[in-house]
Amino acid sequence: EHVAPPDRADPVALLEEQGHPRVQELLPIRYGRMLVSPFTFYRGAARIMAADLAAGKDTGLRVQLCGDAHLSNFGLFGSAERSLVFDLNDFDETSPGPFGWDVKRLATSVEIAGRDNGFTEAERATAVSRTVGEYCSAMTTFAGMKNLDVWYAKLDIEKAMEGLRQNMAPATEKRVEKTIAAARAKDSMRAFDRLTEVVDGKRHIISDPPLVVPVAELMGRERSEDLRAELDALLDTYRSTISPDHRLILSQFHTVDLARKVVGVGSVGTRAWIILMLGRDGNDPLFLQAKEANESVLEGYAGKSEFDNHGERVVAGQRIMQASSDIFLGWERVKAQDSADGGTHDYYIRQLADWKGSAKIERLSPVELGTYGAMCGWTLARAHARSGDRIAIASYLGGGRSFVKAIVSFAQTYADQNERDYDALKQAAADGRIPVQEG
């Protein structure tokens with residue numbers, strides 16, 4: 001399959017367009033983060049790749065896609081049952097589409113990460129092969145399982161570690177244990193300690209512009225009060241999108257402060273708010289994040305979403321693909337108070353911090369990259385098996401050897417294309433076409 005058609009659109013123009021409005025003053029941060037390396041560029045270039053993938057062949061086998069299934073969008077988080085699970089953790093672009101699009105995006109991210117880490121071509125090919133091979137093997141396994149067994153399948157990291165330890169070097173095991181411990185420490189209390197302070201006897205979110213800006217500082221007192229009123233309305237109606245028992249828990253907290261917080265790479269420029277809430281006393285915090293949801297980058301190529309509200313699109317896709325989703329995951333639409341357009345914006349709401357953890361991709365050895373990629377491959381297969389025809393996909397994959405070989409080749413070719421696109425963004429920055437804020 002070809003990677004880039006002759007009439008391929010200017011990649012920088014696709015990034016500038018993004019298919020939806022952006023908070024313009026934050027775009028220099030986004031470009032600065034993308035220019036750190038070809039891998040960080042790739043993280044922010046889901047729209048570019050969607051356009052390229054649409055020019056390729058389509059098997060007709062559709063699933064609920066993540067839409068941005070690169071290595072850094074997998075990680076650890078706390079399940080509703082309070083176990084630490086490994087799963088996909090970013091669904092901003094989720095939408096139905098050909099199953100191979102997610103596989104290619106994941107495989108290419110392994111190839112690009114290997115290049116950034118200085119691995120040889122053979123080492124990179126081995127890591128990509130392990131990633132895709134595990135996807136194929138897992139899909140074959142899921143094809144033979146009962147429907148409910150597929151739905152209940154998950155990668156419990158503690159149980160997985162029991163089998164992985166015997167093949168781990170001591171230094172690797174120590175690093176993984178450290179990552180697990182750090183994930184468990186990332187909760188509302190940690191965010192509470194790091195992001196808030198007491199001023200005149202009242203708890204407030206600490207200002208750290210341009211990354212964290214409290215609403216009063218961002219808009220002034222009068223406009224911030226208007227936004228707070230809209231926020232209260234948002235939370236009231238958002239409650240109807242979560243289950244009654246979780247609604248009851250949420251009702252035991254009250255809103256204290258609100259701030260805009262810059263997150264991610266590709267998400268920089270969309271509206272994202274953090275909401276500080278307190279429960280029984282001043283040491284009983286809950287941090288929620290309300291993140292703007294716009295049209296998926298896939299929709300122009302794989303078909304429009306069935307959902308009118310893009311927040312609901314994100315939530316529905318996450319609940320389909322994840323083994324266990326955040327108990328406070330919900331959605332809402334509000335009238336904008338933070339922009340001149342006065343329009344409406346869709347949001348999805350979730351906890352800001354709940355046992356979050358991820359691998360340091362830049363620190364992985366060649367063997368570790370392959371192991372991590374295989375975990376991601378299994379997880380992606382499980383997510384696809386939930387919504388697609390897993391028997392048909394497994395039959396298409398066959399033994400997997402031809403498919404793996406084809407995807408390894410694709411990943412190498414697309415990584416070359418990614419480097420050219422990265423260079424195009426660097427040139428656009430040098431020419432002053434785009435504003436860049438680094439550091």
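Hi everyone. Before we start, please keep in mind that this is a predicted model.

Let's begin with helix packing. Two packed helices are described by the angle between their axes and the distance between the axes. Our opening pair is α5, residues 99-116, and α6, residues 121-143. Their axes come within 9 Å and cross at roughly 155°. An angle over 145 degrees counts as roughly antiparallel, so α5 is roughly antiparallel to α6. The crossing of α5 past α6 is right-handed.

Which residues of α5 and α6 meet? On the α5 side we find Phe99, Val103, Leu106, Ala107, Val110, Glu111, Gly114 and Arg115. Facing them from α6 are Arg124, Ala127, Val128, Thr131, Val132 and Tyr135. Sorted by class, this contact has nine nonpolar, two polar and three charged residues.

While we're on α6, let me point out Ala125, which is found in that helix. Is Ala125 buried or exposed? Its relative accessibility is 18%, and the cut-off for buried is under 20%, so Ala125 counts as buried. Leaving aside residues up to four places away in sequence, Ala125 touches Val408 and Gln412. Now try finding Ser409: Ala125 and Ser409 are 284 residues apart in sequence, yet their C-alpha atoms are 8.6 Å apart in space.

Next, the sheet. It is an open sheet of three strands in the order β2-β3-β5, and the pairing is antiparallel. β2 (74-78) and β5 (155-156) are at the edges with a single partner strand each, so one side of each has no neighbour in the sheet. Strand β3, residues 84-88, is joined to β5 by two bridges. If you look at Phe86, you'll see Leu155 of β5 standing opposite.

What lies across these strands? Helix α16, residues 366-387, lies across β2, β3 and β5, and runs at about 75° to β3.

Helix α16 also packs with α15, residues 310-321, at an angle of about 110°, with the axes 8 Å apart. Angles of 65 to 115 degrees count as roughly perpendicular, so that is how α15 stands to α16. The contact uses Arg319, Ile320 and Met321 from α15, together with Arg382, Ala383, His384, Arg386 and Ser387 from α16. By class, those residues are three nonpolar, two polar and three charged.

Key: Residues are numbered from 1 along each chain as its sequence is written. This is a predicted model: local features need pLDDT of at least 70, side-chain atom pairs count only at pLDDT 80 or more; totals for chains, interfaces and linings use all residues. Side-chain values use heavy atoms; hydrogens and water are left out. Axes are lines fitted to C-alpha atoms, for helices over the stretch in contact, and angles run from 0 to 180 degrees between N-to-C directions. Helices (H or I, at least four residues) and strands (E, at least two) are DSSP runs, numbered from the N terminus. Angles under 35 degrees count as roughly parallel, over 145 as roughly antiparallel, 65 to 115 as roughly perpendicular and the rest as oblique. A crossing is left-handed if the near helix is turned anticlockwise from the far one by less than a right angle, and right-handed if clockwise. Contact means heavy atoms within 4.5 Å. Ala, Val, Leu, Ile, Met, Phe, Trp, Tyr, Cys and Pro count as nonpolar, Asp, Glu, Lys and Arg as charged, and the others, Gly among them, as polar. Two strands pair if DSSP finds at least two bridges between them. Buried means under 20% relative accessible area, exposed over 50%, partly exposed in between (1.4 Å probe, protein chains only).
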